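Please read the numbered points beside the sequence and the structure.

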Amino acid sequence: MMVGMASEETRTLKSTTTDTGGPAASDSAVPSGGPSTRAWTTRLVVVAIVLAALNLRPAITSLGALLEEVRDGLGMSGSVAGLLTSVPPLCFAAFGVMAPRLARRFGPSAVVCAGMLAITAGLLIRPYVGGTAGFLAGSALALMGIAVSNVLMPVIVKRWFPDRVGSMTGLYSMALALGTAAAAAVTVPMTESLGGSWRSGLAVWAGLAAAAVVPWIALVRHREAPAEAPSRARETERARPELRITRSRTAWALAVFFGLQATAAYITMGWMAQIFRDAGVSAGTAGLLLAVTMAMGVPLAFVIPRVATRLPHQGPIVVVLGVCGLAGYAGLYLAPAGGAWAWALLLGVANCAFPLALTMVGMRARTGAGVAQLSAFAQSAGYLISIPGPLLVGVLYQHSGGWGLPIALMAGLMIPQMAVGVLAGRDRTVEDEAAR
């Protein structure tokens, strides 16, 4: 979940608890043992966080780089390929909601460890199980691991580094962006070096996921001291009645904004490399272009939240990002190969609506409980909204025989994204709108 230091610091000031907090979550920010043991464990947590973040997107962007080979190898139609690109948000919506309950029962570290194992297994088996159904099942297994890790990684950061949430989230965000961009950039040349088999090119990413399992196993085996009892502030927070979040127009605006930006992101990750390849760009260059788009999130995930928290209304940022997206789509339609690098940069800027959405979640609620409830509502509803987009792009591509209609759809969705983003950026809180 890519978000800059400022947004995390804002949410930390507003939030005193999480869904997985309290004694039932067995991981603690203070490990048992002497100073040397604590220092060793802290370094291990840093390594574990970075390796986990590196693995939260390669399952998606590596497939985008080789989508044409996968389609040909498995005999997929454009509609089925569109379904494949819709699987990530579906899995994030379906499995992400399970993470808090699993963490309360087994502890966040154990669940993230299981998530890394699921990513490893899914990436390893999906190219070799045979057939489209098996490929989808293997992808879903990997994405299930990504979904629970997505939700729990911020919990791990807050639990182990309560006084360095911003800097550690920045490190985590950078690792996530680097993993995303690296998979897009090197999958094609790595596939060629492995003999040209797309199966090997996809399966090799299981090695990175397997490396991430090791430190998490060590953390699970290292038993931390029990978490301290909740403070009086946390007890007061939990005693407050839940908001009727669906009564808040701001909450709905944020949910729709989150869903539309996620739609654009997953269409980009799933289809942009193919758009460039169909325009005559080589497979390797198309992968690099996708990597450039993803890599824009590294610096901007730090800059955008800092700017957003200084403004009373985030609407102007929403509009700037939307205009960049419209310009990028216009370029893809008019001259996809001629200005490919410019369109990749513009769409990379537009995709940074994700950290902006998370920043606004932290700013649109006054209390920790409100932030948690708004975040759960906006993300779960948003991922559900994003599911049809990549599938519809595949259907339009197959039936129209080109990219004109799909690109028109992408550009068309940017208009309501800008509109609801402006509404979500107004200086108000969900408590004022949805209180009992």
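1. Accessibility classes. In what follows, a residue is called buried under 20% relative accessible area, exposed over 50%, and partly exposed in between, with a 1.4 Å probe and protein chains only. By this scale Glu 69 is partly exposed, its relative accessible area being 25%.

2. Basis of the values. The model is predicted, so local features need pLDDT of at least 70 and side-chain atom pairs count only at pLDDT 80 or more, whereas totals for chains, interfaces and linings use all residues. Residues are numbered from 1 along each chain as its sequence is written, and side-chain values use heavy atoms, with hydrogens and water left out.

3. Salt bridges overall. How many salt bridges does a search of the whole structure find? The search returns 3, where a salt bridge is a side-chain nitrogen of Lys or Arg within 4 Å of a carboxyl oxygen of Asp or Glu.

4. Glu 68 and Arg 277. These two residues form a salt bridge whose closest N and O atoms are 3.9 Å apart. Glu 68 belongs to helix H4 (residues 67–74) and Arg 277 to helix H13 (residues 249–278), so the pair ties together parts that are 209 residues apart in sequence. Helices here are DSSP runs (H or I, at least four residues), numbered from the N terminus. Glu 68 is partly exposed at 26% relative accessible area, while Arg 277 counts as buried at 16%.

5. Glu 69 and Arg 277. Arg 277 also forms a salt bridge with Glu 69, with 2.7 Å between the closest N and O atoms. This pair likewise links distant parts of the chain, with Arg 277 in helix H13 and Glu 69 in helix H4, 208 residues apart.

6. Glu 433 and Arg 428. The side chains of Glu 433 and Arg 428 meet in a salt bridge at 4.0 Å, N to O. Glu 433 is partly exposed at 22% relative accessibility, and Arg 428 is partly exposed at 31%. As for shared partners, salt bridges join Glu 68, Glu 69 and Arg 277 into one network.

7. Cysteines. The structure holds 0 disulfides, a disulfide being a pair of cysteine sulfur atoms within 2.5 Å. Cys 324 is in no disulfide, and the nearest cysteine sulfur, that of Cys 352, is 9.7 Å away. Cys 324 counts as buried at 16% relative accessibility. Cys 91 is buried as well, with a relative accessible area of 5%.

Terms used: Helix = DSSP H or I, 4+ residues; strand = E, 2+ residues; numbered from the N terminus.
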